[in-house]
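Please consult the sequence and the structure shown below.

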Amino acid sequence: MVISYFKEQCNFKVDYAPAKVKKWRSSRTGLQVTLIDQASPVVNGYFAVATEILNDSGCPHTLEHLIFMGSKKYPYKGLLDILGNLAFSSTNAWTATDQTVYTLSTAGWEGFKMLLPVYLDHLFNPSITDEACYTEVYHVDGEGKEKGVVYSEMQGIENQSWFIQNLESQRTLYKNSGYKSETGGLTKNLRTLDAETIRKYHADNYRPDNLCIIISGSVNEDELMKLMTDFDSELDSLPETPNKRPFVDTPIDLPLSETITKNVLFPDKDESSGNIMMSWIGPDSRNTVLDQAIDILGKYLTSSSVSLFSQNFIEVDDPWATDTGFYTESYILSGMVLSFDNVPTEKLSTFPQKVLDLMREHCDVSKFDIIRLRDLVEQTMWKYVHKSEKSPETLAYIAIYEFEYGKDSGKDLENYSKTLDEFKELLEWDVAKWVDVFRKYYVDNHCAIIIATPSKELYNKNKIDNEKLLNERKQTLGLEGLKELEKKLEKAQEVNNKEIPAQILSSFGRPNPSSIAFNKTESITVGSTKDTINGTSDSLKKIIQDTPDNFSIFAHYENYESNFATIHLLFSSFEIDEKHLPLLRIFENLTTLPVVESNGEITPYEEVVKQVKRDTISCYFGNSFNGKFEEFMDFSITVKNENYSKAIEWYKKLLFQTKFTQERVTVILKKLIKSLPELKRSGSYMLRYLYNKHCYTTRSLLRSSEIITNEQYLKDTLQKIEAGNFKEIENQLDEIRSKLFDNKNIKLVVFGDVNKIENPVSSWAGFVGDTSADKITELPYQYKTLSDVGEKKSKKCFIITTPGSESSYLDLATHTTVFDFTSDDSFKILLGSEYLQCVEGPFWRGIRGAGLAYGANCYNRATIGELGFSIYRGADVEKSYSVAKDIVENHANGKVAIDESLLNGAVSSIVNRLAETQSNYSQTATEEFYSNILLKRGPDYKKKLMTALSLITKEDLIDIFKRYFVNMFNPDTSLCFISCNPTKSENIATFFGNLGYEIEVEHVSVENDDIDGDESTDYGSEDDSESGSESDSEGESEGEDE
């Protein structure tokens, strides 16, 4: 019998969430285990390592990738992920400045316990081969191009303004500790990093006493500790001289002795605006009261339109920035970071001093708003409680922090997470105490000011340097050298991809999906809703008894135990006149307008914002229901149950009593216009814009309300207002209000505990009024807005150049059947997509594994009848396309056989994703409403899906690949969208033009740039067809992975 050395360090029930927490530490090895017992169908694991390094080599990040390339006991690339697929699991990891955390998410405990020992073996005994390092970190391919998964990832962000700014801030604040380092690795260092250096870093840091295993969900504690005892017995004992704890026992950087200002450049052709970052080293983060106070003060400065900085710098006639934000880094001494976005270039040099002056001027007991500070404490506390009730994730993050910075005794975990005492103490602070803390850590504390300025000269220099570097590399290597590199890469891939013996996979078995305890909510409908057949529960009886006669609006309730209620009012945008859709970006700001009270008095918008935040946990108005059904406008409010009636009062005021004033509309317009440069720097955003522009008509909210599409419209509207024509704009906005908020166009959706809500239905009587809504509006289905291009899905390839992005992004789209969720083909397409894209599946190995792109995915948007393929952060989008095309065609024609274990793994991946969409009751409620009411898939959809997946054969997949998937790579039956750097556009256009696509290249419009205007360049296209938009919004939730 194996002796357990695990000693319990703490054991407590959390006061504010349905969770119990236990922690153990092995006295022999120092290995720590934390269990967060909170009911969920998903078991989550977080395996945390404290990782300090004093250089920018990228060892922490590259090691994170190499962990998944095999272990000494299991020397097979991808075994961990393949087993994960079979065990209803998904794996992932992140590397931060001070930690690397590996995650395991599994539908049910049975699969988790099967995979846990294998995962831990990979962490402690990774193989870290030269071949894995070559393909995963950095290599040069046969064309002389630089590749590697990690290299491609870092290349895609290294020239972004935020990355350059963050790195300079770290280097300015920190001189002695690992906080100064870029743990992701700079590309110049990744080129020379070798496997031996990474192996040494692993040996030094991946020790039992420097790793904590944190698990949350419904877990068998006895089985967990048996597994951990067995694994712990195989590990080395603690050394006689204790190891130093990273960041705790190593040199600590103190606050700066003087304020330092630095200027950095980032490459961009648009030089109209830049960004400012101001950073401080704050107090000891282990002082939870002081740490929380620092965060509250940051929100006081930046959070919402009524914050100090918003009022003085953003919500003004001539804004200094479009947005401001604040966050803390949970280091041993808190990192405090303040940011301002889209600052006009001519104001960059003078703005920081204005910020410092305002803070010093405001540091006065007579000027501090103690009421707002206490409101912020309350809001922060209840948001935290709401989040903790929904999911144990927040407690897991606290456990990671406690492992890294808490005392060895483990008692700090209880201090950090059992109670809400720090919030209660802050509520007792007087204004003098707040001012003292503000003065010490914000005003008198010296900061690092980093001014990031866009540079067209640097953009052009990088372009020339990159071309020169490639040409020099090719000349140096010569044809023979390039061939040798191609052979070296092929050999490394051959070693990495050696087949996993079937007996190893079969020895693990597969968990029984019937052991997964899915969450369930109760669906109840009243009013004009006809989509659900009600049951006979006590909750239903309460709802029926509380429903007034002739209650005419659509009303749907998802009932589950909770102390909070989330309300959605959904409105079809199809009711808005098409010509007014561009105004929706202004209209979305309803929550920041003055309110005309019933007595005629006007409540200023500042007071409205404060009161709304005081009464709600969250308040949101914008397009889409939870990122799906994007032709909806959704006004959602989350409140404590006792504030349910207050939420309804706020709906009445914000929907019907707000007033669009010239001052507010002007401020909103200027912020929108000034936000354009930042949007145009995002390759992924510009790809969505391009798709939206061409695939939908102007009836679509997504196309017609897009800021970039409406750049000139917004500027013209501002000019109209400045010319004295505001009344015209106000009338148009009020017309939107009258059309959108008509009773027949309101869908009321409530998620929460109807038994804890007083009058869950009748409370709405005053809101609904006596107006009849016998004929409710139809659901705003996206497919009804498809343009001619979006309907045909043929021949066209649209390319947009994005100077601010080094990576390329691609979307391909072909036809499937619109709104088909339950046919045999729909289930086969779902499984086929998952088979191709799953971890260690064909796309993963062929594209990501070869360093061609960071991600390659398939998706099925059944709501618009579209099957798609995407490349994310592509280093070589042409090669990525070619490899994907070969993979699909070779599977369709039988040249490559369907792998049985991958097929089973794809089924398990879908089951795991299904569980993750219902990992808590709030998510379950959202999914039930989305699936049953919006998609009309029916309450037995999950059962149909599970049955269908179990019956799909290899032959079925081959057939579905032939009939659908190959069409994505045929120009006659597909559309292509690409966002890329201008330096790559010509080669990409030529490549896809040679395939048979009709090419249209659009250049991003840049301020004061006459060279690359907004015009398009055509390569053999016949016409410029009408268009429109959707991201990956309404596809089957189980089938999307973007």
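The unreviewed UniProt entry places the feature "domain: Peptidase M16 C-terminal" at residues 193-336; UniProt positions are given in the numbering used here, feature names are shortened, and annotations may be inferred rather than shown by experiment. The model is predicted, with local features requiring pLDDT of at least 70 and side-chain atom pairs counted only at pLDDT 80 or more, whereas totals for chains, interfaces and linings use all residues. Residues are numbered from 1 along each chain as its sequence is written, and side-chain values use heavy atoms, with hydrogens and water left out.

**Domain layout**

- Residues 193-336 are 31% helix and 26% strand, and the end C-alpha atoms of this span lie 32 Å apart; helices (H or I, at least four residues) and strands (E, at least two) are DSSP runs, numbered from the N terminus.
- The chain is divided into domain 1 (6-247), domain 2 (260-391 + 399-454), domain 3 (562-752) and domain 4 (787-1003), with bounds that come from an automatic or database domain assignment.
- The centres of domain 1 and domain 3, taken over C-alpha atoms, are separated by 42 Å.

- Strand 22 (residues 746-752) is largely enclosed by the rest of the structure, because 7 of its 7 residues are buried (under 20% relative accessible area; exposed is over 50% and partly exposed is in between, with a 1.4 Å probe and protein chains only).
- Ile746, Leu748, Val750 and Gly752 are buried on one side of strand 22, and Lys747, Val749 and Phe751 are buried on the other.
- Strand 16 (residues 554-559) runs parallel to strand 22 and is joined to it by 6 bridges; two strands pair if DSSP finds at least two bridges between them.
- Within this region, His556 has Val749 of strand 22 as its bridge partner.
- Strand 17 (residues 564-572) pairs with strand 22 in the antiparallel sense over 6 bridges, and Phe571 has Ile746 as its bridge partner in strand 22.

- Phe819 lies in the loop between strand 24 (808-815) and helix 32 (824-837).
- Phi of Phe819 is near 55°, a positive value in a residue other than glycine.
- Phe819 counts as partly exposed because its relative accessibility is 23%.
- Helix 32 has 13 of its 14 residues buried, so it is largely enclosed by the rest of the structure.

- Ile128, in the loop between helix 3 (109-124) and helix 4 (130-136), has a phi near 45°.
- Ile128 counts as buried because its relative accessibility is 3%.
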